[in-house]
Amino acid sequence: MKKDSSKTMIISTAFSGGGAEAVARTMVETSEGASGVLFENFAEIECRGRPVRVICGSKKDGMISKILVNMWRVLVVQYLKIIEKPRATVSHLEGPNFANLLTVLGGRRVIFVHNCVSENYNGKSILHRSKRALVHLSYNTANLICYVSADVRKDLIENYGVPEFKTEVFPNPINCKRIVRQSLVLYGDSRDLLLNNNYIISVASLTYQKNHQLLISVFNMLLKKSMIPPDLKLILAGEGPEKRSLEHQCASLGLTFADLQNRENTPSAQVLFLGFQINPYPLLRRARLLIMPSLWEGLPIALLEAMALGVPSVVSNCSAGIQDAFSLRMDEMEQLSASGFVQTNVGVLVRKPVSADSSTAGFWSKIISEVLIDFDYLNFCNKMSPLRASEYDVDHVSALWREKIFERH
């Protein structure tokens with residue numbers, strides 16, 4: 001039986017998250033003959049009538065349980081490759097990438113790497129060492145390795161023995177029309193009360209990588225500046241393991257906070273924990289700024305989505321992908337190096353934070369406060385950002401997928 005030339009199997013951890021999971025979902029929705037294979041779908045997200053299989057979701061934290069679940073996932077991926085006979089099997093994120101590469105058949109084996117492996121797994125634990133070893137052993141067996149920024153590619157080649165000729169850059173896609181359309185809807189619950197508030201926003205998982213500890217310190221300093229309205233709020237749209245420690249940090253700083261996931265209806269709270277949002281766009285559209293002080297990134301989807309909605313960003317200079325999104329000129333690179341920040345057509349790029357101390361927080365708060373009161377600059381970014389975002393639109397990126405992945409012999 002011949003392989004169906006239009007059939008592509010796309011493997012992801014889930015569709016509910018931002019970043020890589022959002023890219024996988026977009027790929028299934030926009031690629032002819034694509035089907036999805038998910039490791040979990042607790043959010044019960046559907047994919048526009050495309051077939052999506054869920055292998056095995058597990059919320060247990062035990063090591064033995066995780067090992068057994070992952071072994072089962074590999075076996076099911078192998079079974080699906082045998083019965084489906086796809087022309088290409090495309091995977092996103094480390095777990096699905098390992099399942100793709102530890103199995104055979106399934107046509108061309110294509111993996112997407114969205115972050116620097118050495119940054120994601122830089123610890124000395126058995127888990128981190130095992131994942132680095134698996135990357136080293138398996139990634140060079142892929143037919144094609146797709147990366148979202150030059151940093152990711154450099155890390156794979158220099159630290160994990162990936163052949164340069166197997167790598168190809170693919171920018172993360174966004175659906176600009178859908179983002180704008182979904183930003184105009186109302187939630188029909190307490191979130192609608194927030195839309196007319198004065199707030200800055202972070203759309204990111206609550207993890208060490210995203211550096212919310214610094215963000216909360218910065219916000220605390222902002223509130224003490226005379227030019228900043230005292231009603232300014234910080235909205236955190238995301239879920240993750242750092243949530244409890246961030247709540248403790250708010251309490252220690254005297255910041256009032258509320259968890260809207262637990263139905264805490266306290267509109268006067270200064271910091272609002274909203275949890276993961278399937279549709280963050282109404283909240284993002286009405287934000288004064290998107291703040292992203294990440295320690296490392298590939299090419300963050302939230303940044304591109306903010307640009308599509310004309311929302312200026314203040315972002316850490318932590319990846320080449322972000323520099324590309326900001327279209328930095330040589331003179332702007334020199335200014336960034338000299339002064340630690342640079343204003344661009346879409347927002348402000350700030351030197352990568354090396355700590356969350358008061359000096360770093362003070363530097364970020366000074367930049368953000370000056371941007372917040374510069375209405376001419378905010379309006380300029382509002383007009384220019386959607387133009388830049390259009391270059392990452394799914395229509396353009398999916399054409400690259402068809403040319404280099406799905407239709408390639």
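How many nonpolar, polar and charged residues does the lining of the second largest cavity have, by class? The lining has five nonpolar, two polar and one charged residues.

## Basis of the model

This is a predicted model, in which local features need pLDDT of at least 70 and side-chain atom pairs count only at pLDDT 80 or more, while totals for chains, interfaces and linings use all residues. Residues are numbered from 1 along each chain as its sequence is written, and side-chain values use heavy atoms, with hydrogens and water left out.

## Cavities

Two cavities of 30 Å³ or more are present in the structure. The second largest cavity has a volume of about 30 Å³. Its lining consists of Ser202, Val203, Ala204, Lys210, Ile291, Met292, Pro293 and Ser294 (a cavity is a set of points on a 1 Å grid over the protein atoms alone where a 1.4 Å probe fits but cannot get out; lining residues have an atom within 4 Å of a point). Strand 8 (199–203) and strand 12 (290–292) are the elements that give two or more residues to this lining.

## Helix 8 and helix 9

Helix 8 (residues 212–222) and helix 9 (residues 243–253) have axes that come within 10 Å and cross at roughly 25 degrees. The two helices are therefore roughly parallel to each other (angles under 35 degrees). Helix 8 passes helix 9 in a right-handed crossing (the near helix is turned clockwise from the far one by less than a right angle).

From helix 8, His212, Gln213, Ile216, Ser217 and Asn220 meet Leu246, Gln249, Cys250 and Leu253 of helix 9 (contact means heavy atoms within 4.5 Å). These residues divide into four nonpolar, five polar and no charged.

## Helix 11 and helix 15

The axes of helix 11 (residues 301–308) and helix 15 (residues 375–389) lie 7 Å apart, and the helices pack at an angle of about 125 degrees. Leu304, Met307 and Ala308 of helix 11 make the contact with Ser385, Pro386, Arg388 and Ala389 of helix 15. By class, this contact has five nonpolar, one polar and one charged residues.

Technical notes. Axes are lines fitted to C-alpha atoms, for helices over the stretch in contact, and angles run from 0 to 180 degrees between N-to-C directions. Helices (H or I, at least four residues) and strands (E, at least two) are DSSP runs, numbered from the N terminus. Angles under 35 degrees count as roughly parallel, over 145 as roughly antiparallel, 65 to 115 as roughly perpendicular and the rest as oblique. Ala, Val, Leu, Ile, Met, Phe, Trp, Tyr, Cys and Pro count as nonpolar, Asp, Glu, Lys and Arg as charged, and the others, Gly among them, as polar. On a 1 Å grid over the protein atoms alone, a cavity is a set of points where a 1.4 Å probe fits but cannot get out, and a pocket is an open set with protein on both sides within 12 Å along at least five of seven lines; lining residues have an atom within 4 Å of a point. Grid points are joined across faces, edges and corners, and a volume is the space filled by probe spheres set on the points.
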